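Dear colleague,

I am passing on the structure we spoke about, together with some notes on what turned up when I went through it. Please have it open beside this message as you read.

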Amino acid sequence: MFSDVRAFQRDPLRLLLTRGNEAELGLVPLRLGPAPVLLVNDPDLIRPILKAPETDIGKGKLIKKLSPVLGRSSLMLSGEEHKRRRAVLQKHMAKGSVEKFLPHMCAEIRAVGARLARLGSFDPHHVTAMLALRTICVAIFGSQVMSSGDEEALVQAVGVIEDDLAEEMFRALPFGPVAWYRRRQNRVCAKLAMSTVVQRLRSKAGSSSALRDLEALGLTDRDLEDEILTLLLAGHHTAGSTAAWMFYQMAANPALMDDIADEAAECLGDDGELRLDAVKHANLSATLVKEVCRLYPSAWWFSREVMQPVTIGGRELKVGTSLLICPWQLQRDPRHFPDPDRFLMTRRYNTDAYIPFGAGPRACAGMGVAMLELQLLALEIAAAYRFTGVSPNPAPWPKASVTLVPPPMTIDIEVREMPSRILHLGEDAERLPYIPSASAASISTLQSVSQ
């Protein structure tokens, strides 16, 4: 009944990977508590489960354990209220909706790149998590509304809450009274800090921002804060962790980074900025993002619960059975992806085993903005800089938290010299760093790197 708990708490990624890959395709029993838990390792079963009516297969008790943190956000809700809020999120988080922020996103990336170049080496997750938070705040509140102080306060608060969530997941036994009280106090302080920042940002938010549309739904202040906290968690460490792994792969494959720099050059407009129509056809950087999402899916697990007796995969399931779906396992199963632990840019992703953002009516509403953000990050950084070293090598094992958090890494960086065939500036061209923009922001970036 509890025989898998210790192994899960020690290394959930290894337990789920081993169990799922070694078992026949179907439903794999896990002994994580008194109620039955089944790992779904057959891709053919996943979409029917995720698309089933909520009266038959719902979110279930595992997600309800997170309600003290996430409250009544759309992640926790079902039915019409969930659909109502999700419609707002899809409106603002879809790829087509966030494309209007492309110049702002690129400018943020260039500013970060300039700081990294002056450092000479950096830990990618420290950088990408902050950048991802800025991007999601632009989508929620509008551009240029968050100060550096607000940014730091949100990062600290979200970090505390994420650690809280990670401890809560799949915990079979309750905390003792002292540990419970300490965790509750930490959570209260973090949510209070976040609430203070959100209230300040609400006064500055743009009229067309996601925040204004959520307010128009008539949500209470508490529900609105729960919704924003969920969005910050989803956009901060999910995209931030994936971006850090992407940087790692770029550093470990310098020839690939050079090819992406060439692709970025082909995407430039006359003003030196990346052209949206060209980015849409930039297949190399898009494939990089897909392969990183295969190896390190930010939503590495999610669950459903049987609400009415159903038959799945020829097996009759009783009410209360939890169904665990693990993209980390599915996307590293050799039956679906040959040589699955290897980073390869020649793969195909047209399989139901590839679900880094989930599937069905509750698939990640922010996958569009995440994919665009990651692609822009690859293009802008590869165009302007070269990663000259990375450690550790080979890639380290992720930390299983709310996302697949990278352990400490170090990447060495230097400014890339622009080929003269691009700038046509004669003898001086070879000494100029390749900054893909002729805007004022890029000129200041170039100056700061050169100092």
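In this predicted model, strand 5 (residues 302-306) and strand 8 (residues 322-325) run antiparallel and are joined by 4 bridges. As background, the strands of a sheet pair through backbone hydrogen bonds, in either a parallel or an antiparallel manner.

Both strands belong to an open sheet of 5 strands, whose order is 1-2-8-5-3 and whose pairing is mixed. Strand 1 (27-30) and strand 3 (57-58) stand at the edges of this sheet, and because each has a single partner strand, one side of each is left without a neighbour in the sheet.

Two helices lie across this sheet. Helix 2 (residues 12-22) lies across strand 1, strand 2 (37-40) and strand 8, and runs at about 140° to strand 1. Helix 3 (residues 43-51) lies across strand 1, strand 2, strand 3, strand 5 and strand 8, with an angle of about 125° to strand 8.

Elsewhere, I looked at how helix 14 packs against two other helices. Helix 14 (residues 254-266) packs with helix 18 (residues 367-384) at an angle of about 100°, the axes being 8 Å apart, and helix 14 is therefore roughly perpendicular to helix 18. On the side of helix 14 the contact is made by Met-257, Ile-260, Ala-261, Glu-263 and Ala-264, while helix 18 contributes Ala-378, Leu-379, Ile-381, Ala-382 and Ala-383. By class, the residues of this contact between helix 14 and helix 18 divide into 9 nonpolar, no polar and 1 charged.

With helix 16 (residues 283-295), the axis of helix 14 comes within 8 Å and crosses at roughly 135°, so helix 14 and helix 16 are oblique to each other. Here the contact is made by Leu-256, Asp-259, Ile-260 and Glu-263 of helix 14, and by Asn-283, Leu-284, Ser-285 and Leu-288 of helix 16. The contact of helix 14 with helix 16 has 4 nonpolar, 2 polar and 2 charged residues.

Finally, some values for the chain as a whole. The chain has 20 helices and 12 strands, and of its 451 residues 57% count as buried. Among contacts between residues at least 6 apart in sequence, 74% join residues at least 24 apart. The accessible surface of the chain comes to about 19500 Å², and 54% of that surface belongs to carbon and sulfur atoms.

Technical notes. Residues are numbered from 1 along each chain as its sequence is written. This is a predicted model: local features need pLDDT of at least 70, side-chain atom pairs count only at pLDDT 80 or more; totals for chains, interfaces and linings use all residues. Side-chain values use heavy atoms; hydrogens and water are left out. Two strands pair if DSSP finds at least two bridges between them. Contact means heavy atoms within 4.5 Å. Axes are lines fitted to C-alpha atoms, for helices over the stretch in contact, and angles run from 0 to 180 degrees between N-to-C directions. Angles under 35 degrees count as roughly parallel, over 145 as roughly antiparallel, 65 to 115 as roughly perpendicular and the rest as oblique. Ala, Val, Leu, Ile, Met, Phe, Trp, Tyr, Cys and Pro count as nonpolar, Asp, Glu, Lys and Arg as charged, and the others, Gly among them, as polar. Buried means under 20% relative accessible area, exposed over 50%, partly exposed in between (1.4 Å probe, protein chains only). Accessible areas come from the Shrake-Rupley method with a 1.4 Å probe; for residues, only the protein chains shown count as cover.
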